[in-house]
Structures are given as structure tokens and as C-alpha cells.
Amino acid sequence: MVELISDFIFPRGIGMIPDTVMTWSTMNTTSLNFKNYLTSRYGSVKEVWIDGAKGANEPYITYYFSDWFSKMKEFQSSMNIMSDAGPDLRWPGNEKGVAGSTCWSPINRTSLSIGNASVIGYQNIGDPKGTDWIPPECPVSIRPGWFWHKSESPKTLSELLGIYYTTVGRNCVMLLNVPPNSTGLFPETDVQRLKEFGSAIDTIFSTNLAETCSVKASGQRGGKGDGYGSVREIWFDGAKGSNAPNMSYYFSDWFSMVKELQSSINIFSDAGPDVRWVGNEKGFAGNTSWSTINGTSLSIGNASIEDYLNTGDPKGTDWVPAECDVSIRDGWFWHKSESPKRLSQLLEIYYNSVGRNCVMLLNVPPNSTGLISEPDVQRLKEFRSAITTTFSTNLAENCYIKASSQRGGKDGGFGPENVLDNDHLWTYWAPSDDDNDHEQWIEIRGTNGGLRFNVIRIQEAIGLGQRIKEHKIYVDGKKVADGTTVGYKRLHRLEKGLVHGQIVRIQIVKSKGLPLISSIGLHFDPFWHPKGSRDQSSLLS
């Protein structure tokens with residue numbers, strides 16, 4: 001990652017008081033003024049950089065770093081604080097833009113202190129046994145010094161690329177200072193050099209992409225093969241922060257390169273072309289969720305199309321299913337102070353992603369040792385067990401099934417019994433071809449004792465397209481659920497909890513052509529306890 005900074009000096013005139021010792025009261029006032037200045041001018045602040053270095057001839061000053069760090073986190077909890085001692089990012093021990101050839105993100109923070117020259121070597125390489133995850137950030141200026149001077153020129157492209165390889169290429173963030181000139185603007189020479197630098201990085205990325213998809217290796221875990229072997233999916237995120245530099249990404253070129261190297265790979269981005277972002281990182285698809293969409297209406301990094309991405313388009317000409325990306329933790333990275341999401345939260349995400357015709361992509365970040373944390377491992381096991389417990393048994397399996405009609409008559413091969421077999425793709429119930437103008441439904445009838453369930457599963461024969469636009473579900477004549485699209489899988493976790501009834505009818509209200517249903521399931525989810533729920537057998541009997 002390369003970041004650009006300017007205006008990095010603590011702004012004057014916002015409350016700084018030239019005391020030889022800054023008291024808590026003074027610091028508190030200054031911090032409040034600084035916070036107001038930052039938020040009013042810059043909005044959400046991604047990072048604050050604290051430099052504790054003092055010149056040999058400077059007066060003795062006491063800095064209250066711990067108090068400042070706490071106050072900043074109180075102002076904005078997502079802010080990253082960079083200093084010699086972290087807590088979020090650490091200085092690598094020099095301002096040349098050179099990380100250690102050995103460079104660990106973990107380190108022992110108790111061994112660090114701000115302004116301590118004796119730990120520079122330790123800061124530069126990190127510690128494989130470190131207990132704190134504090135990646136290094138390499139600050140360096142595009143010019144010889146931190147400030148603009150008319151007599152100076154920006155570093156050459158080869159110099160910047162050399163720094164890129166010794167920072168980003170060594171597990172670091174490259175923090176590039178670009179100082180404004182005497183007019184308060186970036187010099188044109190610096191702007192042009194940045195453009196050249198950005199273009200060169202794009203070329204480097206394309207090369208690395210090619211290596212990822214095609215490089216040959218002497219061996220790999222699990223057997224012989226090329227690099228990572230067959231890559232199932234590659235994920236492109238085109239989002240840029242509001243203050244990020246205006247860089248052009250060559251997505252079309254990259255997509256073509258990836259497909260040339262591995263034609264079967266699925267490419268994910270805001271605009272597909274194979275899998276699309278769902279429009280949020282909560283793991284929730286739209287209540288209406290079409291796999292079809294118009295690719296010409298999509299562009300990467302365009303916030304105005306998030307709702308369109310979320311619902312898809314019934315008239316869409318491109319088949320680009322949505323994928324719901326979400327983390328097992330609050331953020332995408334591991335933090336010691338955080339815990340994984342509760343099982344109930346993961347199950348809610350499952351029902352609102354997989355249960356709404358989407359793929360659920362669950363991020364599980366490694367901890368400071370490079371391994372998956374034990375609490376996350378246990379939560380994953382609980383999650384897998386809960387899904388298996390709920391869906392391994394189909395309570396409709398031995399029931400009598402009936403439909404409003406079927407294509408080809410009794411022996412036509414499209415009867416309602418197909419929804420209870422083990423083929424959820426290519427066998428299906430199809431109503432009669434002339435049944436478009438009549439009510440279309442399929443019923444599951446329980447045997448003695450009736451049916452007790454709280455989840456209803458419906459799946460279309462997705463290989464033949466997505467058709468259902470609206471449906472309703474009744475138990476013994478009373479409506480218990482309704483919805484719009486179905487797609488590959490629709491899961492209705494009943495809002496009122498457990499239902500006890502005899503006849504379950506799924507009515508197709510609207511569809512694009514004849515609805516084709518490949519599978520139906522009635523399931524009991526023992527983890528679902530909605531507020532105010534009670535056994536509804538008395539209501540449905």
C-alpha cells in the first residue's frame with residue numbers, strides 16, 4: 001500500500017500552548033481543538049502520526065502519549081495511530097523508506113518507547129515471537145527533505161520504485177510525503193512524477209497478477225502443480241477513500257489477463273464480470289435478489305449503484321450472481337481486544353446471504369502469529385455444526401406431495417415428487433405449459449402427527465434461469481411467510497417461530513415464464529428463538 005501525505009505538521013493556531021511541560025488540562029484542551037480541526041477539515045481521519053523525536057538543543061518537554069492515544073481513540077475509534085511504539089502502526093527506524101530485509105508485523109510493544117534510538121534496529125525487523133500486531137509504516141518524502149524548496153527536484157522514478165520495493169515489497173506501508181509549494185499547491189513536477197509512479201505500480205501489479213495465476217513451482221502443499229494450482233476466484237476491490245489520490249486502475253486489462261491465464265476462474269468486483277459485490281459488507285443481500293443485472297450499468301467504485309447491486313435486475317441481460325463478503329470479527333483484521341461474532345449473528349448473516357440467493361464469503365483473519373485464533377476456530381466449528389444440525393434432516397422427505405398441475409401429465413417426468421429427491425439442480429417440478437393463467441402451487445402434506453418446523457427452504461432449477469418474482473407460503477390455510485425472488489436457494493426462517501401444521505402450500509404468485517422448483521425442505525432450527533415466539537399449533541389447527 002502507498003499513501004500520500006501533506007499538511008503533516010501539527011497545524012498552528014488551534015490551541016497549542018508553548019509550555020515547557022504540557023499539563024493534562026492543557027493537553028485536553030489542545031486535543032479537543034485538534035479533533036475539531038481535523039474532523040471539520042478532513043472528516044473521518046484514517047491515521048494520526050505521532051513523532052516523539054526531540055532535537056539535542058530543544059527544551060525538556062514531557063509528552064503524555066498514552067493519554068493522547070486514549071483521547072484520539074475516544075474521538076474516533078477506527079483511527080490508526082502511528083508512532084515509534086504503535087499502538088496500531090510503528091515507525092521502521094528510518095525515514096529513507098527502507099524496511100528490514102526481514103520484516104515481521106508482530107513485535108513486543110513493551111520493548112518499545114517513543115524517541116528511544118536504541119530500539120531502531122528492533123523496530124525495523126519486528127519480532128517473530130512478538131505478541132502485538134503492529135505493522136511497520138515507512139515514511140519517506142518525494143523530495144530530498146520534508147519541505148518544498150525551489151532549488152530541489154522530486155526523486156526520480158527509479159528512486160521511487162526502489163523505495164516501493166524496500167517498503168511495500170517488504171511487508172510495509174509506504175507513506176509518501178508530497179509537500180505543497182509556496183502557493184499551497186503541489187508542484188507540477190511532483191504531480192507528473194506521481195502519475196509516472198502510479199502507472200509503473202499498475203504495471204508491476206499486472207506482472208504480479210500474472211505470476212499468481214500462472215507461475216510454476218517445484219511443489220505445493222497438497223501435491224504438485226502450478227503456483228496456487230487452480231484458482232477458483234479472484235477478488236478485486238476498487239474502493240478508494242475520499243482523500244485517496246486520483247489513480248486509474250486498468251481493470252479491463254487485468255480481467256483479460258486473468259482469464260487468459262485461467263479461463264475457469266471467477267472474477268469478483270463491483271462490476272463482475274462473474275460475481276458481483278452485494279453493495280455492503282454486512283453480509284446481507286436484498287430481500288429481492290436477482291442473479292441477473294445489466295453489466296453496462298455497473299462500474300467499479302461507484303457508490304451510487306449499491307442498491308442496484310444489492311437487488312439485481314429482473315430484466316438484466318447479464319448473469320452475475322451476488323456474493324456477500326463479511327468478516328467473522330467486527331473488522332477485516334485481527335485485534336487482540338476483539339472477539340468473533342456470536343453464533344446467532346453468523347446464522348442471521350447465513351439466512352440473509354445464502355438464504356437470499358447469494359454466496360456467503362466469510363473472512364477469518366490470522367492473528368499476530370499468522371494462525372487463526374482459537375476463539376475463531378471454535379466459532380467456525382459451532383457455525384458449521386449449527387448449519388448441519390438444521391439442514392441435514394428434511395422433515396418433508398416422507399410426506400405426500402401434490403401440485404396444481406404438472407408438465408406432460410403423470411408420466412411426463414416433471415412431477416412434484418422431484419422436489420424431494422437429492423438432485424437440487426436438474427430434476428424439478430414444472431407446472432403444465434398452459435397453466436400460466438391459473439393458480440400455481442405445490443403442497444406438502446404431513447402424515448399422522450403433522451409437521452413441526454421453523455424454516456422453509458425453496459430452490460429453483462437455477463441451471464434454467466431464475467424465474468420466480470413473488471411467492472407466498474401457507475400452513476393449513478394461514479399465511480406464515482411471503483417473499484419475492486427465490487433463485488438458487490431461499491430460506492424463510494419463520495418470524496413467529498415454531499409452526500405445527502398438516503398442509504404446507506407454496507403458491508407462486510408471479511414469475512417470468514413457468515416456475516421450475518427443484519427442491520423444497522422443511523427444517524427445524526434449534527437456535528432460532530424470535531422474541532415473542534410461541535408454539536403456533538393452536539393457531540394453525
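**Exercise 1. Find the ring that has Arg 493 over its face, and give the distance.**

Solution. Arg 493 lies over the face of Trp 528, 3.8 Å from the ring centre. The test for a charge over a ring is that NZ of Lys or CZ of Arg is within 6 Å of the ring centre and within 35 degrees of the ring normal. Now try Arg 505: its charged end sits over the ring of Trp 441, at 3.9 Å from the centre.

A quick note on the model: it's predicted, so local features need pLDDT of at least 70 and side-chain atom pairs pLDDT 80 or more, while totals for chains, interfaces and linings use all residues. Residues are numbered from 1 along each chain as its sequence is written, and side-chain values use heavy atoms, with hydrogens and water left out.

**Exercise 2. Classify the pair Tyr 350 and Tyr 351.**

Solution. Start with the count: there are 16 aromatic pairs in the structure. Here the ring centres are 6.1 Å apart and the planes stand at 90°, so this pair is edge-to-face. The cut-offs: rings of Phe, Tyr and Trp (its six-membered ring) pair if their centres lie within 6.5 Å, with planes under 30 degrees apart stacked, over 60 edge-to-face and the rest tilted.

Next, burial (buried is under 20% relative accessible area, exposed over 50%, partly exposed in between, with a 1.4 Å probe and protein chains only). Tyr 350 is buried at 11%, and Tyr 351 is buried at 5%.
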